[in-house]
Amino acid sequence: MSATVEADAVGIRKDTVFGRIGGALRERDFRWWFAGQITSASGVMAQAVALSWWMLQQTGDAVWLSVLTVCTWGPTLIAGAWAGAVVDRSDRRRLLIVTQSALMGVATALTVLAATGTLAVWNVLLASALSGATMAVDSPARQVYVVDLVGADGVASAVGLWEVALNASRVVGPGLGGALLAGPGATACFGVNAGSYLAPLLVLIRMRSRTTPPAHRRGRTRGAARDGIRYALRSPIIRALLPMSAASGLIFGMGVALPPLVQRALHQGGGGYGAMMAAFGVGGLPGALLAASQPEPTGRRVRWLALATAAAVIGIALSPTMPVALAAMVALGVTSIWFIASANTLAQLRCAPDMRGRVMSLWGVAMTGVSPISGFGVAAVVQYVGPREGFSISGIALGLAALAGWRALRD
């Protein structure tokens, strides 16, 4: 019986909405990988909530949240292009075993320090820097590994489903993090994150290697990072998408602007911060499913989704009460995740296969690597102008980036 007949027999055709959503799940290895990522991402979110809130409570200054951001994402800015060249030339499964093990080790160290009462600002910053250096390689490796698992035809479905996992974690992780902060405290958040890496590590160890060795791996290695940068600058569509990725990074890096907005403008505590993050995740789930259900995304769709996301950010910044802010946060979850999954898929499908690792690393540099620079600006606005104005910067930046790349994204 053919695959098409089998799909018809269970009532799900590949060319239907549900068929496209589940396309990547037809691959057994991807199903296991997908399940493991939900667990791991939830732990990361729980730890992120704890670190941001702990830092704000210890210092009382939003600028220290930017310092935390510098330590976390600075390595991506510095070494992102080089990391992409490593990913293009490596067995992604083995590389991910190394990076995921390292991240588990950092989370374990934070747990021990917090449990023994020796957790301090300097070792939190050091742990964040070590995690950031590891994630500079881990993030593009995970994105390219999805293509190894499902092939080019399943990229849209796989990226959308990854956003489903990520946004499920945005519901589970912050909710769990807020509950743990209100109960046993930050130590439990760090411990949960350390344990969450066990599932993806077991999946990777048991999984067979699926990396397709690119032909250029045997060629020259010097200048590979520069080749990736030149390629991105020559491609009009990649050149338009990267600034939009950088602007959206301010949205997803909410650890700088959101805690002060919740505390000072909406007059809520740690539970309110967790609720806002969870609301974002609630909206992100349908947004991710909408991204996974579409065929190959178009530039037109990406640019309109970017403008809708910018409008949602401004709505949150202007919200007069917590219920209004929560509703606006749900709307932001829908539009932003639909936008970023579509833009990510478009970038992967429109670039040369042998450049995919480097393009995805530049995507990471734009989205998270520039955060150390932009985060200080946002923190300064939050501290000296106001939390609402600081939070609105990401929406303004994304709207301007969408307009700047309008012509390149016309098809």
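Student: Buried means under 20% relative accessible area, exposed over 50%, partly exposed in between (1.4 Å probe, protein chains only). So is Asn193 buried or exposed?

Tutor: Asn193 has a relative accessible area of 3%, so it is buried. This is a predicted model: local features need pLDDT of at least 70, side-chain atom pairs count only at pLDDT 80 or more, and totals for chains, interfaces and linings use all residues. Residues are numbered from 1 along each chain as its sequence is written, and side-chain values use heavy atoms, with hydrogens and water left out.

Student: Where is Asn193, then?

Tutor: Asn193 lies in helix H8, residues 186-196. Helices (H or I, at least four residues) and strands (E, at least two) are DSSP runs, numbered from the N terminus.

Student: And what does Asn193 touch, leaving aside its neighbours within four places in sequence?

Tutor: Ser40, Gly43, Val44, Gln47 and Ala107 are in contact with Asn193 (heavy atoms within 4.5 Å).

Student: How many helices and strands in the whole protein?

Tutor: The protein has 18 helices and zero strands. Of its 411 residues, 57% are buried. Among contacts with a separation of 6 or more, 87% link residues 24 or more positions apart.

Student: What about H4, how far does that helix reach?

Tutor: H4 covers residues 63-88, which is 26 residues, and spans 36 Å from first C-alpha to last.

Student: Where is the kink in H4 centred?

Tutor: On Ala79, where the kink is about 70°. The bend is the angle between axes fitted to the seven residues ending there and the seven starting there.

Student: Change of topic. Is Asp411 buried, exposed or partly exposed?

Tutor: Asp411 counts as partly exposed, because its relative accessibility is 48%. Asp411 sits in the segment after helix H18 (387-404).

Student: What does Asp411 touch?

Tutor: Not counting residues up to four places away in sequence, Asp411 touches Thr298, Gly299, Arg300 and Arg350. Asp411 and Arg300 are 111 residues apart in sequence, but their C-alpha atoms are 5.9 Å apart.

Student: Where is confidence lowest and highest?

Tutor: By pLDDT (the predictor's confidence in each residue, from 0 to 100), helix H1, residues 3-9, is lowest at a mean of 40, and helix H14, residues 299-317, is highest at 92. The protein's mean is 79, with 82% of residues at 70 or more.

Student: Which stretch stays under 50?

Tutor: Residues 1-13 do, with eight contacts beyond four places in sequence in the model. Residues 213-221 are also below 50, and have 14 contacts beyond near neighbours in sequence. Where pLDDT is low, the predicted coordinates should not be read in detail.

Technical notes: The expected span of a helix is 1.5 Å times one less than its number of residues.
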